[in-house]
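Subject: Structure handover and notes

Hello,

Here is the structure for your files.

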Amino acid sequence: MLTSTYTLVALSVEQTTVRSALQSLVHALHALPGEDGVLAPGQAARLCAELRQVVDDCHWRKLDKFLVPALRRNTEAADGLLHDLEQISRAAADALAAAEACVDAGARGVDRDGFQEAIERCADALRCRLEREEHELFPLARSLVRGEAWFAIANQMLVHDAVARERRGAGRRGCVESIEPRHGRFEPHGHGQGHDPAGAEFGRRYATLSLLH
């Protein structure tokens, strides 16, 4: 019980992060200046890039990497809900593609109404998925996933976090080592790539519930 509680709380933190990013993005969308219903292409492109990052972050969550595969391995009772979540993800991907098409078509100015509708449709789909995960998937997982499976999920998540911290630490050390004092100032100093502490499997894209197909 404690293991399942820890796991679901950790997953909820990721939910909060995605929801906050969506809120900030929609606020930025409404604040974009535009004349005669037209947005500057650069502004629209930047917002599209931010939305794609949110979509990618949603796809890489621990929920998709660890909890969903465990549900698929241990029970078929969640198949209907998982299918619904896949459909919501496809809707979000389609809306993102529509927003990007608006940017591509607006070399001299992006149609604000079409672009805003596509962005909001994508954000609404992602919010819908978050809501259904929290109110349907989490309770279902708590009732269906057994103790040993929860322990395995929690262990995978701990290893994932440890590897991520090690990678961040290696990145910071690399930044420090890439400069050295020379004649009273710092200049770039190249160095070779280090061993990847995560191994070939880290960052492997899981097909389950993929947002982008």
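From the N terminus on, the elements of the chain follow the order α-β-β-α-α-α-β-α-α-β-β, which comes to six helices and five strands. Helices (H or I, at least four residues) and strands (E, at least two) are DSSP runs, numbered from the N terminus.

On provenance: this is a predicted model, in which local features need pLDDT of at least 70 and side-chain atom pairs count only at pLDDT 80 or more, while totals for chains, interfaces and linings use all residues. Residues are numbered from 1 along each chain as its sequence is written, and side-chain values use heavy atoms, with hydrogens and water left out.

Overall figures

The chain has 213 residues, of which 37% count as buried. Buried means under 20% relative accessible area, exposed over 50%, and partly exposed in between (1.4 Å probe, protein chains only). Of the contacts in the chain with a separation of 6 or more, 82% are between residues 24 or more positions apart; contact here means heavy atoms within 4.5 Å.

Two packed helices are described by the angle between their axes and the distance between the axes. Axes are lines fitted to C-alpha atoms, for helices over the stretch in contact, and angles run from 0 to 180 degrees between N-to-C directions. Angles under 35 degrees count as roughly parallel, over 145 as roughly antiparallel, 65 to 115 as roughly perpendicular and the rest as oblique. A crossing is left-handed if the near helix is turned anticlockwise from the far one by less than a right angle, and right-handed if clockwise. For residue classes, Ala, Val, Leu, Ile, Met, Phe, Trp, Tyr, Cys and Pro are nonpolar, Asp, Glu, Lys and Arg are charged, and the others, Gly among them, are polar.

Helix α5 covers residues 112–144.

- α2 with α5: helix α2 (residues 41–59) packs on α5 at an angle of about 15 degrees, the axes being 12 Å apart. The two are therefore roughly parallel, and their crossing is left-handed. From α2, Ala44, Leu47, Cys48, Leu51, Val54, Val55 and Cys58 meet Phe115, Ile119, Cys122 and Leu126 of α5. This contact has 11 nonpolar, no polar and no charged residues.

- α3 with α5: helix α3 (residues 62–74) packs on α5 at about 45 degrees, with the axes 12 Å apart, so the pair is oblique. The crossing of α3 and α5 is left-handed. Leu63, Asp64, Leu67 and Leu71 of α3 make the contact with Arg129, Glu133, Leu137, Phe138 and Ala141 of α5. By class, six of these residues are nonpolar, none polar and three charged.

- α4 with α5: the axes of helix α4 (residues 79–105) and α5 cross at roughly 165 degrees and come within 8 Å, which means α4 is roughly antiparallel to α5. The crossing of α4 with α5 is left-handed. Its contact residues divide into 21 nonpolar, two polar and six charged.

Cysteines

How many disulfides does a search of the whole structure find? It finds zero, a disulfide being a pair of cysteine sulfur atoms within 2.5 Å. For cysteine 122, the nearest cysteine sulfur is that of cysteine 48, at 8.9 Å. Cysteine 122 is buried, at 0% relative accessibility, whereas cysteine 128 is partly exposed at 35%.

Single residues

Glutamate 136 is in helix α5 and is partly exposed, with 35% relative accessibility. Not counting residues up to four places away in sequence, glutamate 136 touches Leu81 and Glu131. Leucine 81 is 55 residues from glutamate 136 in sequence, and the C-alpha to C-alpha distance between them is 8.0 Å.

Valine 145 sits in the loop between α5 and α6 (147–177) and is buried, at 6% relative accessible area. Leaving aside neighbours within four places in sequence, valine 145 is in contact with Leu71, Trp150 and Ile153. Arginine 73 is 72 residues from valine 145 in sequence and 9.7 Å from it in space, C-alpha to C-alpha.

Asparagine 74, in helix α3, is partly exposed with a relative accessible area of 43%. Between asparagine 74 and arginine 146 there are 8.4 Å in space, C-alpha to C-alpha, at 72 residues apart in sequence.

Regards
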